[in-house]
Amino acid sequence: MFFKEAKAWLAASLFFAVMLPIAFVFGFSYIVRGPAIYYLISGMMVFDVAVAGMLVVPNSIGWDREDGRLSLMISMGVPLWAYALTSTLVNNLFAIGSGLLVLGVAVAMRYLDVSLSGLSMLTLALLVSSFQGSMVGLLMASRIRNLRVLQQVTQIVAFGFSFFAPVYFPLSIVPRYLVPLAMLEPTTYAAQAIRLSLRGSPASIIWDLGTVVYGVVIATIVGRLGLKA
């Protein structure tokens with residue numbers, strides 16, 4: 001069903017998945033140099049994968065609720081987390097591909113190098129970040145039933161997690177009194193996991209675990225609260 005729906009926005013998805021990352025790398029790489037390039041590249045990937053899940057899942061569920069499909073899913077006993085992942089499957093595939101394309105462009109322009117082990121860790125980081133973003137989106141959709149309000153809230157939350165969380169800048173520069181707040185933001189975990197994987201650091205696995213745990217906790221909370229049609 002979701003693959004059929006994807007045909008309507010396939011052209012736009014291809015554009016944003018291919019042309020936008022290339023434009024970002026070419027445009028901002030002349031401003032950001034040295035070690036900071038890792039924050040630019042990883043930040044773009046976080047936006048592509050984790051933030052996309054926060055936007056797509058609530059909107060998909062919101063429209064399904066409006067059209068009556070959500071009631072069908074609930075009555076069939078489909079797990080909410082599985083429904084959320086399925087509803088954004090096509091988008092996540094595009095997003096992960098876009099993230100790898102960003103890396104390919106950066107490597108081709110010789111801005112950074114990534115080993116095979118680093119590429120493996122990056123793929124894992126993108127997958128778990130996609131899961132986490134989808135669960136955060138599911139939580140918002142479970143609490144907000146009005147479609148218009150849901151769309152507004154998801155835009156604010158998603159972009160807030162993109163630019164106010166330590167995504168494009170180091171976690172180490174966050175003031176100590178704000179670190180607890182930063183650790184509550186889901187993109188903090190995704191950003192650290194992706195950036196460290198680009199550097200081939202095994203510490204990326206630790207942040208991957210934190211990303212998964214964050215997503216599982218959110219999924220458990222939604223499971224207890226329920227998702228009303």
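Reader: Is L209 buried or exposed?
Author: Buried means under 20% relative accessible area, exposed over 50%, partly exposed in between (1.4 Å probe, protein chains only). L209 has 56% relative accessibility. L209 therefore counts as exposed.

Reader: What kind of model is this?
Author: Residues are numbered from 1 along each chain as its sequence is written, and side-chain values use heavy atoms, without hydrogens and water. Local features need pLDDT of at least 70, side-chain atom pairs count only at pLDDT 80 or more, and totals for chains, interfaces and linings use all residues; the model is predicted.

Reader: Which helix holds L209?
Author: Helices are DSSP runs (H or I, at least four residues), as are strands (E, at least two), numbered from the N terminus. The protein has eleven helices and zero strands. Residues 203-225, L209 included, form helix α11.

Reader: How many residues are in the largest nonpolar core?
Author: A nonpolar core is a set of buried Ala, Val, Leu, Ile, Met, Phe, Trp, Tyr and Cys residues joined through side-chain atoms within 4.5 Å. Those with the most contacts inside the largest one are V25, I41, M45, V46 and L138. Its size is 57 residues.

Reader: Which helix gives the largest share of this core?
Author: Several helices each supply at least two residues, including α3 (36-67), α7 (116-143) and α11. The largest share is 14 residues. It comes from α3.

Reader: Which residues does V25 contact, leaving aside neighbours within four places in sequence?
Author: Contact means heavy atoms within 4.5 Å. By that criterion, the partners of V25 are I41, M44, V102, V105, A106, M109 and Y111.
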